[in-house]
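Here are some notes from my pass through this one, jotted down as numbered points. Have a look at the model first, then read on.

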Amino acid sequence: MSNIQDPLFQPYVLGELELPNRIVMPPMTRSRASQPGDVPNALMAAYYAQRSSAGLIVSEGTWIAPLGKGYAWTPGIHSPAQVEGWRQVTEAVHAAGGRIFAQLWHVGRLSHTSLLDGRSPVSSSAIQAEGVNVFVAERDGKPGFVQASMPRALATEEIPGIVDEFRQAARQAMAAGFDGVELHAANGYLVNQFIDSNANDRTDAYGCSLENRLRFLDEVATALVEGTGDRRRVGIRLAPLTTLNGCSDAQPQVTYLAAAKRLGEIGVAYLHIAEADWDDAPHMPLAFKQQLRAAFPGALIYAGKYTAERARAALEEGWADLIAFGRPFVANPDLPERLRTGAPLNAHDPDTLFGGGAHGLTDYPALSAPGAGGG
């Protein structure tokens, strides 16, 4: 299929950005930030620059404040050193011709006291994510997974401070040279903990009714628009039908159509819809995708085990504007070229996903390299 005919390689205008294709590299935690301080580094800059042929890169989840951290060795965007580290990344991506948004992240209850200087995680409610493990550094320096700690509920008067942390993180991201920011409001993290009914038992203005459960999302999205200075530089990641990390909703289609409508009124640039990607995951009906298209006037990005064929069909059918490919981008720095030519994909090494050095991060071969195309 020629580029002229291939929907994956049609250009797209996202806000003020001209994307050369419809292929997105989504956020993926890799836990390579430098210690101490969880600072982005030259290795991360090389990793993202290698993948700059994506139409858009969204960075790994980047915690906005110390209590927002949930996994060992993940980067923040809170300290001056972290901002400088991210500037090294954005400059490398831009020098390679790419475009990159920062995913802003507060994990809420999906953390452990050992990551928070002994403090308890915070959440919408004092409900533990039972059976959910988080990635920590053990005393011997080796990584491991432990049960997420019991959270405490945020007091009503604390919530404006969290919203302001998001606003400040957006300002920091722009200072670091990012093209925009994406709010992580999916996968059971803090914003999701307010949205989904089974994780929110509040009785104040942030709980009970659907309107109240969407209030925190509304306030944070508005703060990100203020922090970036441009609604076209803001995207929101949602996971309407997944139950990842213990979050679920009693009426998910009703809830997330209302969220999409409100975010459309705020005027954010895109929604990044995370479909469940495990083998027995719930199916997202086509009718629901079409309803999301009708409810939200901006761009729609879909992620979730898409093949090139499924991606092209989604774009042709019109309910998606861009498609994100997660795991394939781990092992294939030149993924767009492989999708364009139908070349085989490298397989990723799952043992190198979290933590470590260059191995499993920047040493996967491109098509032009010896041994490329294996898998």
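**Notes on the model**

1. Let me start with glycine 207. Setting aside the neighbours within four places in sequence, glycine 207 is in contact with Asn200, Arg202, Asn212 and Arg213. Bear in mind as you read that this is a predicted model.

2. Where does glycine 207 sit? Its place is in the loop between helix H4 (190-195) and helix H5 (210-213). Glycine 207 counts as buried, because its relative accessibility is 0% and the cut-off for buried is under 20%. As for threonine 243, it lies 36 residues from glycine 207 in sequence, and the C-alpha to C-alpha distance between the two is 19 Å.

3. On to the cysteines. How many disulfides are there? The count comes to zero. Cysteine 208 is in no disulfide, and the nearest cysteine sulfur, in cysteine 247, is 17 Å away. Seen from the other end, the closest cysteine sulfur to that of cysteine 247 is in cysteine 208, and 17 Å is too far for a bond, because a disulfide needs the two sulfur atoms within 2.5 Å.

4. Buried or exposed: which is cysteine 208, at a relative accessible area of 56%? Cysteine 208 is exposed, because that value is over 50%. Cysteine 247, by contrast, is buried, with a relative accessible area of 1%.

5. The crossing of H7 and H8 is right-handed. On the H7 side the contact is made by Gln253, Tyr256, Leu257, Ala260 and Lys261, and on the H8 side by Phe288, Gln291, Leu292 and Ala295. By class, these contact residues of H7 and H8 are six nonpolar, two polar and one charged.

6. H7 also packs on helix H6 (residues 215-228), where the axes come within 10 Å and cross at roughly 25°. That angle makes H6 roughly parallel to H7, and the crossing of H6 and H7 is right-handed. H6 brings Leu217, Asp218, Ala221, Thr222 and Val225 to this contact, while H7 brings Ala259, Arg262, Leu263 and Ile266. Sorted by class, the contact of H6 with H7 has six nonpolar residues, one polar and two charged.

How values were computed:
Residues numbered from 1 in each chain as written. Predicted model: local features only at pLDDT ≥ 70, side-chain atom pairs only at ≥ 80, totals over all residues. Heavy atoms only, no water. Buried < 20%, exposed > 50% of the residue type's maximum accessible area, 1.4 Å probe, protein only. Left-handed = near helix turned anticlockwise from the far one by under 90°. Helix = DSSP H or I, 4+ residues; strand = E, 2+ residues; numbered from the N terminus. Contact = heavy atoms within 4.5 Å. Nonpolar A, V, L, I, M, F, W, Y, C, P; charged D, E, K, R; others polar. Axes fitted to C-alpha atoms, helices over the stretch in contact; angles between N-to-C directions. Parallel < 35°, antiparallel > 145°, perpendicular 65-115°, else oblique.
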